[in-house]
Amino acid sequence: MNVMELFETMEYGPAPEAATTVQAWLKEHERFGLFIENQWVEPASGQYMESMNPANGKALVQVASASSADVDAAVAAARKAFKTWSKTPDHVRARYMYALARQIQKHARFLSVLESLDNGKSIRETRDIDIPLVARHFYYHAGWAQLMGRELPGYEPVGVVGQIIPWNFPLLMLAWKIAPAIAMGNTVVLKPARYTPLTALKFAEIVQEAGLPEGVINIVTGEASQVGDALVKHPDVNKIAFTGSTEVGRSIRRSTAGSGKKLSLELGGKSPFIVFDDADLDSVVEGVVDAIWFNQGQVCCAGSRLLVQENVAERLLNKLRARMEKLRVGDPLDKGIDIGAIVSPSQLQEIERLVAQGEAEGAEKWQPSWACPSEGSFFPPTLFTNVSPASSIAQVEIFGPVLVAMTFRTPTEAVQLANNTRYGLAASIWSDNINLALDIAPKIQAGSVWINCTNVFDASSGFGGYRESGYGREGGKEGLYEYVHPGWEASQVSEKPQRSRPQSLAEDEEVANTSEEAELALPAIDRTPKLFIGGKQVRPDSGYSLSVKGVDGKPLGEVGEGNRKDIRNAVEAAHAASKWASATPHNRAQILYYIAENLAVREEEFARRIMQQMGRGRKEALQEVHATLSRLFSYAAWTDKFEGVIHRPPMRGVTLAMHEPIGVMGVVAPDEYPLLGFISLVAPAIAMGNTVVAIPSPMAPLSATDCYQIFETSDLPVGVVNIVTGEREGLAKVLAEHEDVDALWYFGSAGGAKMVEEGSASNMKRTWVNYGRQRDWLDPIQGEGEEFLRASVQVKNIWVPYGE
Ligand code: NAD
Ligand code: MN
């Protein structure tokens, strides 16, 4: 072919990146052991497994296949190292992390090639995206190590962290896990994915080069059923950080339930890519390429559902097909390649199966005219039209280069379609009307929203899911809290809350008053509090009441015995009150102040209730009421001050890290302080815009039911707080398993905590439990503050680029 002919066809020639250095390194190692205490050790079983190159199906090298005995050794090494690493000064940890970042940059080319070989992703992406983001993550977190003492006062590392990562961004996921963990003084045992262990093993060499203390970072390769399972169940692991499928995340939630292990889950997605008719369609086409053909579509936040406004759909789809025709699939090491290989033959089969299912369900498939390489695991970019929103290809994560397109007419319809999945990881919105885009962004259930851009990431901007895409954030300051806990927790006790003994009552004159009242000739008017649902006092569905006894064993009154049906009604009422989320913070604050004002008027009456139920003296009871008033003021104050932040990631633009309410929250109040405990949980939840279904302390529910009238007279909109009295554990279980409850806080027994965590796995709701341990609710450090506010919000990062 001469130059003229070449010019006319504009064909690319091959531009392969040399792999010789990496190949030599692989050969030199022959096989890799486990990385424990900065040493390479043989797996106890003596077994090895292959990692292969998906572009040609050939084995690259052997890596150790660990068993639970090896996991024990790695955890023991991490535990030993934790003793000193957790006490290592911030500046020293920062220096180590800076050294890691530098070493990664020095080995950037090597790591890019190795990642492409092992995973099949294109060298263009590993070189320009994966590896630079890895280095950035270590730099960014070196900074947090330096600042930990000043920026997170009172917080301590959680201990030994087990980290489990997927194969789609092997080294980047390692960085997302390891950097924040060691920055905060934890030590780690990391399990790379079965298909892609090699960059983690190169990273282990970097750890040695950077001279990190032994045992701070341990890397254990092996099968999920061996290593993954052993880590998740290990009694000496304090936290599990997992990225992978929702299915496995769910099983991890169940098997760690009640163990007290902290848990963060980054799971799957089926993210919408929304195109309005005023968007620049040529930019949109490039956006779609980055959304779904980046990393062969094996991206948890891939824009896999194209939602396009009907009047421009045909034009956009034609442009898209023309662009797809020009995409290049092939050798990942070729610098001119757009799409590399699918990670494994089994993953390829899964994509083929779902695509066949899509066709069988009646959707229309379109693929470019050219053929993929026949050797290795490749799949062409694929577009489905005529897709029904309920069909499996519109709902199931395909995790391959497959796009499904649907249309909408109005912005409202776009939002409905976008949210019509159980996931909530990401979304991208395309429009030249910034007002429209910024109006839509808060309405989409997703942790990351990209406006006129897609699949951009940065260490400063937390990443993570809403709904069944998991919980916890990686990156940003919010990501650090996944790896620390309040220092005072170490001194928490777990004993059954006690009421004071009756004899102490006798010393109290106020008690004499109540008996005086009882001596009056008239019988008291029966005032059995009902349930409080949708702003109304309603009779329990069961028609039964439970008697509430005072410390002396005499009945104080009765409360309704709520059941499953009452909880369902309360959840429905809480959903119907969702407008509360869009009330201005100023408005919400005003209502909290008003609640305090109305409670203050009746403080004597509330104090008496506490005395009767808990057998406390008047002074103590009044102290609880006063603390409650102060707490209400605190959250009224915070309502318009616990705000998001604006990040400046390395692009022209900003990300707006917004604090959004989680939705409908269940709140199960503690026994220790019947009024203060109840308000300490309900107040932050509603301050941040959530609506609540609360279950009061069964020992002393009357302090909560007395609040009905306070709420009714304080302009609190109907349904924002709903209260169901009854048997705590049974009601909590209904809340835990309820599909329309988005978060659940439980402050009861250790057994109840386990039940709540287990039950929550059904829809992956966020939980916060106390494992039967008590906090001192009177102490503002333990009983109020940012810990409560953070548990009341989810952070959404909205990316807003600047410029034309
Ligand atoms: P996977 O869930 O099968 O595996 C993820 C990791 O968990 C692997 O290391 C695997 O060995 C391990 N594992 C599997 N079963 C386990 C068990 N029972 N106990 C403990 N560990 C176990 O997922 P995958 O196929 O490797 O990755 C693809 C999935 O990951 C997709 O669903 C994708 O959306 C998700 N993902 C999410 C994010 C995110 O940040 N949200 C990022 C990348 C990938
Ligand atoms: Mn591989």
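Biologist: What spacing do the donors of the manganese ion (ligand 2) follow along the chain?
Modeller: This is a predicted model, where local features need pLDDT of at least 70, side-chain atom pairs count only at pLDDT 80 or more, and totals for chains, interfaces and linings use all residues. Residues are numbered from 1 along each chain as written, chains are lettered from A and ligands numbered from 1 in written order, and side-chain values use heavy atoms, leaving out hydrogens and water. Donors are N, O and S atoms within 2.8 Å of the metal (3.2 Å for Na, K and Ca), and with no water among the atoms, sites may look incomplete. Here the donors follow M-x65-D-x76-Y.

Biologist: At what distances is the manganese ion (ligand 2) coordinated?
Modeller: Met52 and Tyr195 each give an O, while Asp118 gives both O and OD. They sit at 2.2 to 2.4 Å.

Biologist: How many residues apart are Met52 and Asp118?
Modeller: Met52 is in strand 4 (residues 48–53) and Asp118 is in helix 5 (residues 108–119). Those are DSSP runs numbered from the N terminus: helices are H or I, at least four residues, and strands are E, at least two. So this pair links distant parts of the chain, and the gap is 66 residues.

Biologist: Is Asp118 buried or exposed?
Modeller: Buried means under 20% relative accessible area, exposed over 50%, and partly exposed in between (1.4 Å probe, protein chains only). Asp118 has 0% relative accessibility, so Asp118 counts as buried.
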